[in-house]
Amino acid sequence: MERQLYRVEEAAKMLNIGRTRVFGLIRSGELESVKIGASRRVPAKAIQKYLDGLIGEAA
């Protein structure tokens, strides 16, 4: 089974951006996330959706 959730640091690494930028994307609503306890997690589908949006803008 593929992973469904990533820590913010892992999402940042996947997107090749800093964790502060990931938190900014989450705050702005550009990147979806879920809160589990005190931790913030980014769904794999949200990362793909964000990338798809970037690719769509570039086309």
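1. Contact here means heavy atoms within 4.5 Å, and an angle, which runs from 0 to 180 degrees, is taken between the N-to-C directions of axes fitted to C-alpha atoms, for helices over the stretch in contact. Helix α3 (residues 44-58) lies across β1 and β3 and runs at about 60° to β3; helices (H or I, at least four residues) and strands (E, at least two) are DSSP runs, numbered from the N terminus.

2. This is a predicted model, in which local features need pLDDT of at least 70 and side-chain atom pairs count only at pLDDT 80 or more, while totals for chains, interfaces and linings use all residues. Residues are numbered from 1 along each chain as its sequence is written, and side-chain values use heavy atoms, with hydrogens and water left out.

3. Three strands make up an open, antiparallel sheet in the order β1-β3-β2, where two strands pair if DSSP finds at least two bridges between them. Because β1 (5-7) and β2 stand at the edges with a single partner strand each, one side of each has no neighbour in the sheet. On average, neighbouring strands of this sheet are turned by 45° against each other, direction ignored.

4. Helix α1 (residues 8-15) packs on the sheet, where it touches β1 and β3, and its direction makes about 95° with that of β1.

5. Between β2 and strand β3 (residues 39-43) the antiparallel pairing extends over three bridges, and Lys-35 has Arg-40 in β3 as its bridge partner.

6. Val-34 belongs to strand β2 (residues 34-36).
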